[in-house]
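Colleague: Could you take me through the sheet in this model, together with what packs on it and the salt bridges around it? I would like one connected account, with the cut-offs spelled out.

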Amino acid sequence: MELPRRYADAIIQHALEESPNECCGILAAQGERFVKHYRMTNMERSPYRYSMDGKELLAAYHEIEDSGWELRVIYHSHTHSPAYPSATDVRLATWPEARYVLVSLQDPARPDIRAFTIADEQVAEEPVAIVDEPA
């Protein structure tokens with residue numbers, strides 16, 4: 001997956017701002033191009049779990065559908081563990097067509113971003129290339 005630097009930076013910034021709690025959000029895409037970042041409120045307000053605000057998620061989903069976009073990425077942070085889906089993350093993954101992007105703040109000076117598909121409780125890592133967008 002090619003993730004434009006501005007979206008990677010926005011996800012990392014969101015994670016740093018919410019630390020020590022996990023952050024969460026989504027990215028919408030049109031075809032292969034990312035078009036919008038939605039920062040969501042983590043209703044759990046927890047360093048170990050996240051749950052997106054239902055009203056925010058519904059509003060974002062309606063905008064995505066109405067615009068003819070796709071919900072491409074669901075992201076959240078791990079504040080003290082590697083960027084790998086936990087057993088809870090796998091159990092709660094309900095969008096098999098989306099990529100699950102995790103950012104680890106184990107070393108806040110060097111956040112680690114990784115992407116996964118999760119379907120039928122099976123996790124598969126997908127390489128992430130952070131790319132500069134053409135001017």
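**The sheet and its surroundings**

Modeller: The sheet is open and has 6 strands in the order E3-E2-E4-E5-E6-E7, with mixed pairing; two strands pair if DSSP finds at least two bridges between them, and helices (H or I, at least four residues) and strands (E, at least two) are DSSP runs, numbered from the N terminus. Strand E3 (33–40) and strand E7 (122–126) are the edge strands, each pairing on one side only, and from one strand to the next the twist averages 30°. This is a predicted model, in which local features need pLDDT of at least 70 and side-chain atom pairs count only at pLDDT 80 or more, while totals for chains, interfaces and linings use all residues. Residues are numbered from 1 along each chain as its sequence is written, and side-chain values use heavy atoms, with hydrogens and water left out.

Within the sheet, strand E4 (residues 70–78) and strand E5 (residues 99–104) run parallel and are joined by 6 bridges, with Ile 74 standing opposite Tyr 100 in E5. Helix H2 (residues 54–66) packs on the sheet and touches E2, E3 and E4, its direction making about 165° with that of E3; contact means heavy atoms within 4.5 Å. Axes here are lines fitted to C-alpha atoms, for helices over the stretch in contact, and angles run from 0 to 180 degrees between N-to-C directions. Helix H1 (residues 5–18) lies across strand E2 (24–30), E3, E4, E5 and strand E6 (112–119), and runs at about 10° to E3.

The structure holds 7 salt bridges, a salt bridge being a side-chain nitrogen of Lys or Arg within 4 Å of a carboxyl oxygen of Asp or Glu. One of them joins Glu 133 to Arg 6, with the closest N and O atoms 2.6 Å apart. Because Glu 133 lies in the segment after strand E8 (129–131) and Arg 6 in helix H1, this pair ties together parts that are 127 residues apart in sequence. Glu 133 is partly exposed, at a relative accessible area of 36%, and Arg 6 is partly exposed at 48% (buried means under 20% relative accessible area, exposed over 50%, partly exposed in between, with a 1.4 Å probe and protein chains only).

Arg 99 and Glu 126 also meet through their side chains in a salt bridge, at 2.6 Å from N to O; Arg 99 lies in strand E5 and Glu 126 in strand E7, so parts 27 residues apart in sequence are tied together.
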